[in-house]
Each structure stands twice: as structure tokens, then as C-alpha cells.
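Here is a report on a protein model and its two ligands.

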Amino acid sequence: MNLRRIGGFIPLTVMLAMPLLMSGTLALARGLDDASGEELAKIIRGGLLYDSWFVELGVAPPKETHPAYAKSKGKGKGAGTWRCKECHGWDYMGKEGAYKKGRRFTGIAGIRGAAGGSAAAVVKSLQGSDHELGGRIPAADLTAIARFVTEAQLSVDEVIDRNSKKARGDLAKGQRIYATVCAKCHGADGKKVNFGDEKAPEYVGTVANENPWETLHKIRFGQPGEEMPSLIAFPVQVQVDVLAYAQTLPAK
Ligand code: HEC
Ligand code: HEC
């Protein structure tokens, strides 16, 4: 919104509404604030399926490389190339985001353009030749994924600084949530669960710093196939506060 266009001055009503408008874009999700528990459950399912639909569904992943991936510039192979994030990124920005270079580059676009759009159009795309997921994911789950894409994905650069990778959150508030929700499973220092192995351990602090976009996605939706809860009913700023605090936890 360019305020200068409004007759050279900022009307008082617009000034008063500014914080509201801005928190609206941040949460993007005036829609989510209005969503019922049942709807949120579907959107959570969609976010988990975006992360790894075959883990969340508990099915064996295809062995062959995804046809669209094989045609892309990507260097990966096999099952992993079927995960949404492998082509479109944890930041939902595809070739414009974290995967714009390096070993995960594919040259495939992000999904930001589908935010706020039609869920039916996304389902159609998932059944079509770019994706070939029609026979692999049940219809209700395709709709759940589409609802995540259209209603719940974030404009991540608003909440995570692209260069420093730092979350724009409040550490003290984040620590309160972390202590309440996360510490039981991950420990107060985030080291109770090792996602890596003994040689190359990975903890909450490791992932939160190396890949804040992935960590935010998991804070918001949980971990596919695991007991980890979703924080989606809480404001985006709360989710970002948790991420900011997680970035202060030990990485080793
Ligand atoms: C193997 C790579 C690959 C995977 C995996 C993949 N996509 Fe796509 N997706 C594409 C390609 C290719 C396009 C067409 C855009 C382009 O060519 O860059 C596309 C387009 C889209 C679009 C349309 C974007 C727009 O703005 O119109 C959405 C939405 C989308 N994908 C969602 C998903 C979801 C959700 C998943 C996981 C269930 C997924 N994709 C998995 C390759 C992939
Ligand atoms: C009920 C237990 C439980 C709770 C509560 C929980 N988690 Fe998890 N979390 C898990 C499990 C289990 C995994 C998967 C571990 C694995 O893959 O080895 C996981 C995975 C993760 C990962 C992904 C690591 C990766 O790279 O795959 C992150 C990050 C994470 N949790 C952060 C959090 C944060 C932050 C909170 C609080 C908002 C939280 N978790 C709450 C159990 C939990």
C-alpha cells in the first residue's frame, strides 16, 4: 500500500488502522483467526502433508525420482523428490528463496502465488502432470494440502530476516511458550531429542539456526508421523517468538 497516493497525506483513520492492517498481513490469516477447530485440524493435516505426505499418510514413498523433478535442474533422486518442500522450499519461495542456489536448486517456482487463491485450483494442479499425486493422496487430503497452501502459508521474510536468518520474535515471550509446550519432549535446552546421530548431533537449537523456515513450519504444524503438537491456533507472532527463543538454544 502506497500511502502517498492517498492525496499526499495520511488520513487519521488510516493512521489509526495501520497497526491493525500490519498485524493483519503478518498473520495473513484473518481467515485462520476465524477458522473453527475442525477447520484448523484440516489445515494442520495439510501442513504436515506438505512436509512429507508419505510419512504423514504412513505409506511407502515412490522409489523413482519425481518426473517433474527429473526434468528440473535438481540433482536429488528418489523418494525425497516427492516432498512438496523439495521443489517449493520451506520458505514456500522455490527458486526465489533459500533453494535459489546450492545443492537443493531445482529452478522450480514457489507457491506464494497460490496464497489467497482457490483451493480447487490447487487440487487440480496436484492431480495434474506437474505433480501426479491424484492416485497417491486421498481426495480429502489433497483438499487439506490445498487449504494449507491457500490459507495458511506465510510470507516468511516478514518474520525471519533473510540474511541473518534471525526470527523477529520476543525471546522472553518465546521462552514462556517453549517451557510450556516444547520442553517436556525436547528438554529445557532442546537437547533431549537428537534428530541427527552421535557423530553429527542435531537439536532444536541446531535446526532453528540452520533452517529457521523449516523450524517455523514444524512449530506451526508439528512433525509428520510424530506426537509433536501444532501451534496453529496461536497468533503467528507467538509462533515466531518460539522460533526466536529456539535460536538461542545450544546447537551442539
Ligand atoms: C518434483 C517437483 C515438485 C513437487 C515435489 C511438488 N511440486 Fe508443486 N509444482 C511443481 C512445478 C514444476 C510447478 C509448476 C510451476 C513451475 O514450473 O515452476 C508446480 C506448481 C505448484 C503450484 C502452483 C503455483 C502457483 O502459483 O500457481 C502449487 C500451489 C504447488 N505446486 C503446490 C505443491 C504442493 C502442495 C506439493 C506437495 C503435495 C507440490 N507442489 C509438490 C513441481 C513440484
Ligand atoms: C510430544 C512431544 C513433542 C513436543 C511437545 C514437541 N515436539 Fe518437537 N519433535 C518431537 C518428535 C518426536 C520429533 C521428531 C524427532 C526425530 O525425528 O528424531 C520432533 C521434531 C522436532 C523438530 C524437527 C527436527 C528435524 O529436523 O526434523 C523441531 C525443530 C522441533 N521438534 C521443535 C519443537 C518445538 C519448538 C516445540 C514446541 C513448540 C516442540 N518441538 C514440541 C516431539 C515433540
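Helices (H or I, at least four residues) and strands (E, at least two) are DSSP runs, numbered from the N terminus.

Side-chain values use heavy atoms, with hydrogens and water left out.

**Confidence**

pLDDT is the predictor's confidence in each residue, from 0 to 100. The protein averages 91, and 88% of the residues score at least 70. Two stretches need care. Over residues 1-8, pLDDT stays under 50, and the model has seven contacts (heavy atoms within 4.5 Å) beyond four places in sequence. Residues 20-27 also stay under 50, with 11 contacts beyond four places in sequence. Where pLDDT is low, the predicted coordinates should not be read in detail.

**Ligand 1**

Ligand 1 sits in the second largest pocket.

A pocket is an open set of points on a 1 Å grid over the protein atoms alone, where a 1.4 Å probe fits, with protein on both sides within 12 Å along at least five of seven lines. A molecule sits in a pocket if more than half of its atoms lie within 2 Å of its grid points.

**Ligand 2**

Around ligand 2 there are 18 residues, with Val181, Cys182, Cys185, His186 and Met228 the closest. The space taken by ligand 2 is the largest pocket. Here α8 (171-186) and α10 (212-221) are the elements that give two or more residues to the shell. That shell divides into 11 nonpolar, three polar and four charged residues.

**Polar contacts**

A polar contact to a ligand is a pair of N or O atoms within 3.5 Å.

| Residue and its atom | Ligand atom | Distance |
|---|---|---|
| His88, side-chain N or O | ligand 1, nitrogen | 2.8 Å |
| Ala109, backbone N or O | ligand 1, oxygen | 2.9 Å |
| His131, polar side-chain atom | ligand 1, nitrogen | 2.8 Å |
| His186, side-chain N or O | ligand 2, nitrogen | 2.7 Å |
| Gln223, polar side-chain atom | ligand 2, oxygen | 3.3 Å |

Technical notes:
Residues numbered from 1 in each chain as written. Chains lettered and ligands numbered in written order. Predicted model: local features only at pLDDT ≥ 70, side-chain atom pairs only at ≥ 80, totals over all residues. Polar contact = N/O pair within 3.5 Å; in protein donor to acceptor, adjacent residues only side chain to side chain. 1 Å grid on protein atoms, 1.4 Å probe; cavity = no way out; pocket = protein on both sides within 12 Å on 5 of 7 lines; lining within 4 Å. Near = heavy atom within 4 Å. Nonpolar A, V, L, I, M, F, W, Y, C, P; charged D, E, K, R; others polar.
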